[in-house]
Amino acid sequence: MKAIFWGTRGSLPAPLSAKAVEAKIVNALVKGAHASLDTVEKARAFCTETLSFAEGRTYGGNTACVQIEIGGPDYLLCDLGTGVREFSLSALAKHGPGKPQTYHVLVSHVHWDHIMGFPFFVPAFIPGNRIKLYSCHPHLERAIRGQNREPCFPVEFETLSASIEFVTLEPAKRYDIAGASVTCFEQLHGNDSFGYRIEAGGKSVVYSTDAEHKPENAAEMERAAAFFANADLVIFDAMYSLAESISVKEDWGHSSNVLGVELCQTACAKQLCLFHHEPVNDDARIDAILAETIRFEEITRTGTALKVCAAYDGMVIAL
Amino acid sequence: MAWSERQVGDAVLAEARGRIDLSNADAFRDDLSAAMAKAKTAVVLDLSGVDYISSAGLRSLMIVFKAAKAEGKTLALAALQPLLTEIFTISRFNLVFPVFDTVRAAFGKVAPGAAPP
């Protein structure tokens, strides 16, 4: 099983500015001034091994879209943020437009950042493709159809050439989707959102974005930990700091890196992936949050170590 | 978690000891609220004996801090162990609360009229 991250940003797209790119290049040139970077290989090694992630690369700015690859013929995605455009280009490059595919998409909820990529989901324009959109959310079909409509978008949903189906799921029930076993989990978020636990080939991924957890609510924390139990990977909404999420941004529907660690430790999960990055956080800030989260896991560890990473557009985690 | 407190002028010096987590966060909140009710100006919370605080414990601090602020009172934290300082930094609680290296420094700032303990 693999998790391929096409969009990792929360709330709205956050592309790098020209100034930010310039600052990265200037910093890299200064740091590499005496490093004899006279070949592509040396320069690439310098970029990935000497520079920090924030200095040499970027976490990216696309909104939520994660592909779960389980080895079957069909595609399985979580959410339709702007990252789905990159995914669809990749799928088309692999198969070409003449070979129909089936795409299964688990949608957490219908807030705009999680569906805004659909109008640019190229497979929807191609006859023969089959697209199945799943959610526990009762408004999925209305939201998707409403988005592909004048005056918001010039291509009406009804004119899309692919076969598109909407499937309403129920929380806690187990479904066979794209060859994986999928269960859903209701999460605390404005207008509701749903997490998904995806199991296949003895591996499990939990996709839990746009979810607020109340640390004082033992029952809710236990319910979340049970959903995360022994997962190989938990993709977790870590948009805010803990202080923000229980003070000025309480009831805004998002969680923190600290709660991600606590829940994953309770759940005996193997890996925590910080996801749904706050758009105002630049690459250096996310680097720092990741380092702090790794440290927090170390100082609070009571059992087996929990691996911690921060999602970036283009990241692949093989399980 | 163990708790003790004493009046120092218009303020209260409280001391928590042990581990504060989900199992005792409510009791911690209640003890701290009661101490705040007794204080006219501020509670200085000596955390030198606390070796761990979880998110639930931090939330209890936040609840009392907000309520105190609404009444014009202050909650000051003092003498955090290095590990607690790290937890406060990572969770950004260091940006919310007044945190002091020593109990004496906390009193000097939030209750200068009180005799230093």
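# Reading domains, a contact side and strands

Biologist: Which domains does the domain assignment give for chain A?

Modeller: Bounds of this kind come from an automatic or database assignment. Here, domain 1 of chain A takes 2-14 + 58-318, and domain 2 of chain A takes 18-56. Keep in mind that this is a predicted model, where local features need pLDDT of at least 70 and side-chain atom pairs count only at pLDDT 80 or more, while totals for chains, interfaces and linings use all residues. Residues are numbered from 1 along each chain as its sequence is written, and chains are lettered from A, with ligands numbered from 1, in the order in which they are written.

Biologist: How far apart are the two C-alpha centres, and how many residues of each domain are in contact?

Modeller: A contact means C-beta atoms, placed from the backbone, within 7 Å. The domain centres lie 31 Å apart, and five residues of domain 1 of chain A meet four of domain 2 of chain A. On the domain 1 side, that's two nonpolar, no polar and three charged residues. (Nonpolar is Ala, Val, Leu, Ile, Met, Phe, Trp, Tyr, Cys and Pro; charged is Asp, Glu, Lys and Arg; the others, Gly among them, are polar.)

Biologist: Which elements of chain B supply the side that touches chain A?

Modeller: Elements are DSSP runs numbered from the N terminus: helices are H or I with at least four residues, strands E with at least two. α2 (55-70) and α3 (82-91) of chain B each supply at least two residues, and α2(B) gives the largest share, five. In total, 16 residues of chain B contact 16 of chain A. The chain B side divides into 10 nonpolar, three polar and three charged residues.

Biologist: Which residues of α3(B) are buried?

Modeller: Buried means 20 or more other C-beta atoms within 10 Å of a residue's own; 12 or fewer is exposed, and in between is partly exposed. In α3(B), the buried ones are B:L84, B:I87, B:F88, B:I90 and B:S91. Look down the helix axis, using directions from the axis to the C-beta atoms: these residues fall within an arc of 165°, so they line one face of α3(B). Their packing partners include α8 (242-245), α9 (257-267) and α10 (283-300) of chain A.

Biologist: What pairs with β3 (75-78) of chain A?

Modeller: Pairing takes at least two DSSP bridges. Strand β2 (65-69) of chain A runs antiparallel to β3(A) over two bridges, with A:Q67 partnered by A:L77. Five residues separate β2(A) and β3(A) in a hairpin, and A:G71 in the turn has a positive phi of about 95°. Strand β4 (102-106) of chain A runs parallel to β3(A), joined by four bridges, and A:C78 stands opposite A:L106. Both faces of β3(A) are covered: A:Y75 and A:L77 are buried on one side, A:L76 and A:C78 on the other.

Definitions and conventions:
Two residues are in contact if their C-beta atoms, placed from the backbone, lie within 7 Å.
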